Amino acid sequence: MFSPKKMVKRFLVQTPVGGFLLMPFRFATALRHYAPKLKYIPSWTFSSRETTNFTYEITVKNQEYLAHTVSVVTGVPYSTAAGYLREIQEDENIKRHVVERVRKGPKRRASDETCAFGRRVGWYAFVRILKPRVVVETGVDKGLGSVLLCAALMRNQAEGFPGQYFGTDINPDAGFLLAEPYNSVGRILYGDSIQSLQSIPSIDLFVNDSDHSAQYERREYETIAPKLSNRGLILGDNCHCNDVLADFSAMRGRQFVFFREEPRDHWYPGGGIGISFVRDFFPTQRPSARALVAEERFHSALDADALDSDRFPSPVMVGQSKAE
Ligand SMILES: C[S@@+](CC[C@H](N)C(=O)[O-])C[C@H]1O[C@@H](n2cnc3c(N)ncnc32)[C@H](O)[C@@H]1O
């Protein structure tokens, strides 16, 4: 049984002027998809101080999808992944720490006094599951990712799996959230990321979030490739803008998935997490046609000076055995 509205539409589309008369319907249909976000803009404009790197929580459904994504990538059960997402969201110490540091920090006039990690909770779950020895994040800004990643490493350490965090940033004021106790397992290297990365001998989990030009992002992946184990994980924070990490993954025989973030009660459409990983059960896979095309595109776009001659990664363990 059709509603009266549907019957009117069905009638109108069959008339010569139906296309014209249905314009308001079409406009309303399109608007319905965007209006829910538009309504947050006026209140945010007046209440928030943020101008960039916006903070918000993600929706409940999105958290569920994130737990599934982490589970598929790492092979742990959904309940384990969801448990780690809950662990960081229920951590009152880190929330207090962030709010207090924001209140006193150099960016207090451009920050909201809240602690909302958004998609970064997925980064946390990966560190808790994979127990990496060395975690690197390029681009730290205030240091929201830094404290979260260090919190994960501290919990790993308490369970007998020690690890270290290195953040990089070109801005000497960046990273002010990374203070005690979180700085016991991590520190910031100031200067250009590519240069800082060259001083780090091995990396188990890499987060790219610095200069977001495609060319710079490519150079970061090329720089870390020889330092990353075959099972090392790369998380790209720019994958909603370009396919650099997808191409890099195809070219290197790595798997790639993209998790789309859905902010809760915020106008921002959301970023995402690009996840580049290697499945143990595809160790000798031959490059596909897609991989060969990706390789050509990747290298033609890459600054020749930035190419590292050693393009094949050396083995570094992720998923370490428990420290004695
Ligand atoms: C989007 S913010 C990082 C956000 C952070 N990862 C977080 O979780 O909140 C990007 C940061 O990259 C830094 N940056 C930009 N270009 C850089 C470069 N060439 N080397 C190092 N850091 C850079 C900026 O100073 C900025 O703090």
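Student: Which residues come nearest to the ligand, of the 18 around it?

Tutor: Gly139, Gly145, Ser193, Asp209 and Asp211. Keep in mind that this is a predicted model.

Student: What makes up the shell around the ligand, by class?

Tutor: Four residues are nonpolar, seven are polar and seven are charged. Gly counts as polar here. Helix H9 (144-158) and strand E2 (164-169) each supply at least two residues of that shell.

Student: How many helices and strands does the chain have?

Tutor: There are 13 helices and seven strands. The chain has 324 residues, and 39% of them count as buried.

Student: Why is strand E1 called largely enclosed?

Tutor: E1 covers residues 134-138, and five of the five are buried, so the rest of the structure largely encloses the strand. Val134, Val136 and Thr138 point one way. Val135 and Glu137 point the other way. Both sets are buried. As a rule, side chains in a regular strand alternate between the two faces of the sheet.

Student: How do you know that E1 pairs with E2?

Tutor: The cut-off is at least two bridges. Five bridges join E1 to E2. That meets the definition, so the two strands pair. They run parallel. The chain gets from E1 to E2 through H9, in a right-handed β-α-β crossover.

Student: What makes E4 a partner of E1 as well?

Tutor: Four bridges link E1 and strand E4 (residues 203-208), in the parallel sense. At least two are needed, so the strands count as paired. Thr138 has Asn208 in E4 as its bridge partner.

Student: Why is E4 described as mostly covered?

Tutor: Six of its six residues are buried. E4 also runs parallel to strand E5 (residues 228-236), with five bridges between them. Asn208 stands opposite Gly236 in E5. Helix H11 (residues 214-224) carries the chain from E4 to E5, and this β-α-β crossover is right-handed.

Student: Why is Ile94 called buried?

Tutor: The threshold is 20 or more other C-beta atoms within 10 Å. Ile94 has 22 C-beta neighbours inside 10 Å, so it counts as buried. Ile94 sits in helix H7 (residues 92-104).

Student: Which residues does Ile94 contact, leaving aside neighbours within four places in sequence?

Tutor: Cys115, Val147 and Ala151.

Student: Which members of the largest nonpolar core touch the most other members?

Tutor: Phe126, Val127, Val147 and Leu148, out of 65 residues. Beyond four places in sequence, Val127 touches Pro132, Val135, Leu149, Ala152, Leu153, Asn156 and Leu205. In soluble globular proteins, nonpolar side chains tend to be buried together.

Student: Which residues does a cis peptide bond join?

Tutor: Glu180 and Pro181, where omega is about 0 degrees. Pro181 is in the loop between E2 and strand E3 (186-190).

Student: What share of the contacts with a separation of 6 or more comes from residues 24 or more positions apart?

Tutor: In this chain, 74%.

Key:
Residues numbered from 1 in each chain as written. Predicted model: local features only at pLDDT ≥ 70, side-chain atom pairs only at ≥ 80, totals over all residues. Core = buried A, V, L, I, M, F, W, Y, C linked by C-beta atoms within 7 Å. Buried ≥ 20, exposed ≤ 12 C-beta atoms within 10 Å, placed from the backbone. Contact = placed C-beta atoms within 7 Å. Near = placed C-beta within 6 Å. Right-handed = clockwise from strand over helix to strand, strands pointing away.
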